[in-house]
Amino acid sequence: MKDTELRVSKISSGTVIDHVPAGEALHVLAILGIDGSGGETVSLGMNVPSDRMGEKDIVKVEGREMSQAELDVLSLIAPDATVNIVRDYDVVEKKQIAPPEAVTGLLSCPNRHCITNAGEPVETRFDVIDAGVRCAYCETIVREDITDHLAV
Amino acid sequence: MRHDHLLTAKQLSRDDIEAVLERARRFADDPAAHADRHPGALLALCFFEPSTRTKMSFETAAKRLGGDVVDMGSVEDSSVKKGESLADTVRVVEGYADGIVLRHPSQGAARMASEFVDVPLVNAGDGAGHHPSQTLLDLYTIDEQAGLDDLTIGVMGDLKYGRTVHSLAHALTNFDARQHFISPESLRLPRSVRYDLHEAGANVREHENLEAVLPQLDVLYVTRIQRERFPDEDEYEKVAGQYRIDADTLADAAEDLAVMHPLPRVDEIDPEVDALPNATYFEQAHNGVPVRMALLDILLDGGDGE
């Protein structure tokens, strides 16, 4: 634990996303639409030793409190992530993430014959089903490697 | 989304299906006697892929109901050739007509198009996706031949890309039907359809050979295996040859087996079968008119008819 704190320092205010599967931190940022252009200070810990997970990633975003809707999308790649909202160095809220009913504009459809890949003015929409996501247009089911299809 | 689009067979309940079939039976008795149903109604036909039966039977149905059609014509002669999007095309056409029938090569095209229009839209085939109006006429035919409950049906051929197969399989989950799917391994039902059938609790078996299951069947629904699905001609010939039927094949079938096919056929049903009482595919095609009359009648009335 001490080790972790040394690597990724405490933040004064913002959002801490912990217990992200090792290697997924950059995907977490991609899904949240954080690419540095918003000016937030972002700290990443990758492959950090964890009692519970062996190794994990941690993402800390300063000065920004994520909404439940923003965070729920993370359940696609980090279903066991824990989220703390921090103000003045204190954790003021612990959020549970839950799978959303659908995700819009986040993934591209792997079916090249899908209408969403035909240059039409339409955002992709995937319904979240028990074992993955499903294109709301062509109905293709994606179970594994969802991050391969990130459109962001 | 309006509920009076017909996009997939999944949206059809048993009540929906029975309402269409009941009305189709009335129209079938005398198709020419219903021109007072929708006088002046205009149906737009937007076919981005070739069609004979579907397009002509929708046109016939619209005219039998007292209406008419406006036809986009072939893609080569339309603004699509200039790069117009499907979304723009249907938004324009919606201003011309009271309903749209759409066939398009991309899966999900009808669902997307339906999000841009307020007139009823019928999916007349979206790539390897769905073809629900074909399913309604298939169900009408099955009902006439064998009844929709306590039904044992075999569906054979290209189950992976066959949109009529996908829609029929979904619709039959509303009935007490045992569905046998017979295909080469490479052309099995796609994962999305198997998922839906499982979710619906459907009674489904998959086979690579027809022989074992043929004697149990009330209906054998044959579909075409397309040459372009195979890497080379030899492989195609080898596989497709196992899924062709002729009079000899049917020697082991029940006497009253109904052989159906959405047509066009190439050589998967030998013409010698045409003369057998089992051959039902031309009657099936003819049923397209009263069934599409019933469907249009209900959709043009706002989804509930009467």
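This is a predicted model: local features need pLDDT of at least 70, side-chain atom pairs count only at pLDDT 80 or more; totals for chains, interfaces and linings use all residues.
Figure 1. Of the 152 residues in chain A, 32% are buried. The radius of gyration of chain A is 16 Å, which agrees with the value near 15 Å that a compact globule of 152 residues would have. The C-alpha trace of chain A spans about 50 × 30 × 20 Å along its principal axes. When contacts between residues at least 6 apart in the sequence of chain A are considered, 62% of them join residues at least 24 apart.

**Figure 2. Secondary structure and domains of chain A.** Three helices and nine strands are present in chain A. Read from the N terminus, these elements follow the order α-β-α-β-β-α-β-β-β-β-β-β. The domain assignment divides chain A into domain 1, residues 2–95, and domain 2, residues 102–149. Between the C-alpha centres of domain 1 of chain A and domain 2 of chain A the distance is 26 Å. Five residues from domain 1 of chain A and five residues from domain 2 of chain A take part in the contact. On the side of domain 1 of chain A that touches domain 2 of chain A, four residues are nonpolar, one is polar and none is charged.

**Figure 3. Antiparallel pairing of β1, β4 and β5 in chain A.** Strand β1 (residues 14–21) of chain A runs antiparallel to strand β4 (residues 82–87) of chain A, and five bridges join them. Within this part of the chain, Ile17(A) stands opposite Val83(A) of β4(A). β4(A) is also joined by five bridges to strand β5 (residues 90–95) of chain A, again in the antiparallel sense. Here Val86(A) has Val91(A), in β5(A), as its bridge partner. β4(A) and β5(A) form a hairpin with two residues between them. Asp88(A), in the turn of this hairpin, has a positive phi of about 50 degrees.

**Figure 4. The open four-stranded sheet of chain A.** The strands of this sheet are arranged in the order β6-β7-β8-β9 (chain A), with antiparallel pairing. At the edges stand β6 (102–104) and β9 (141–142) of chain A; each has a single partner strand, so one side of each is left without a neighbour in the sheet. Four bridges pair strand β7 (residues 125–129) of chain A with strand β8 (residues 132–135) of chain A in the antiparallel sense. In this view, Asp127(A) has Arg134(A) of β8(A) as its bridge partner.

**Figure 5. The contact between chain A and chain B.** Chain A gives 16 residues to this contact, and chain B gives 15 residues. The side of chain A that touches chain B comprises nine nonpolar, five polar and two charged residues.

**Figure 6. Domain 1 and domain 2 of chain B.** According to the domain assignment, domain 1 of chain B consists of residues 9–130 + 288–300, and domain 2 of residues 133–285. The centres of the two domains of chain B, taken over C-alpha atoms, are separated by 25 Å. In the contact, 21 residues come from domain 1 of chain B and 18 residues from domain 2 of chain B. On the side of domain 1 of chain B that touches domain 2 of chain B, the elements giving two or more residues are α1 (14–29), α2 (53–64), β4 (121–126) and α10 (288–300) of chain B. The largest share of that side, five residues, is supplied by α1(B). By class, the side of domain 1 of chain B that touches domain 2 of chain B has 11 nonpolar, six polar and four charged residues.

Figure 7. Val90(B) is buried, because 24 other C-beta atoms lie within 10 Å, and a residue counts as buried at 20 or more. Apart from neighbours within four places in sequence, the contacts of Val90(B) are Cys46(B), Ile100(B), Ala113(B), Phe116(B) and Val117(B). Arg191(B) is 101 residues from Val90(B) in sequence, and the C-alpha to C-alpha distance between them is 30 Å.

Terms used. Residues are numbered from 1 along each chain as its sequence is written. Chains are lettered from A and ligands numbered from 1 in the order in which they are written. Domain bounds come from an automatic or database domain assignment. Two residues are in contact if their C-beta atoms, placed from the backbone, lie within 7 Å. Ala, Val, Leu, Ile, Met, Phe, Trp, Tyr, Cys and Pro count as nonpolar, Asp, Glu, Lys and Arg as charged, and the others, Gly among them, as polar. The radius of gyration is taken over C-alpha atoms; the globule rule is 2.2 Å times the number of residues to the power 0.38. A residue is buried if 20 or more other C-beta atoms lie within 10 Å of its own, exposed if 12 or fewer, and partly exposed in between; C-beta atoms are placed from the backbone. Two strands pair if DSSP finds at least two bridges between them.
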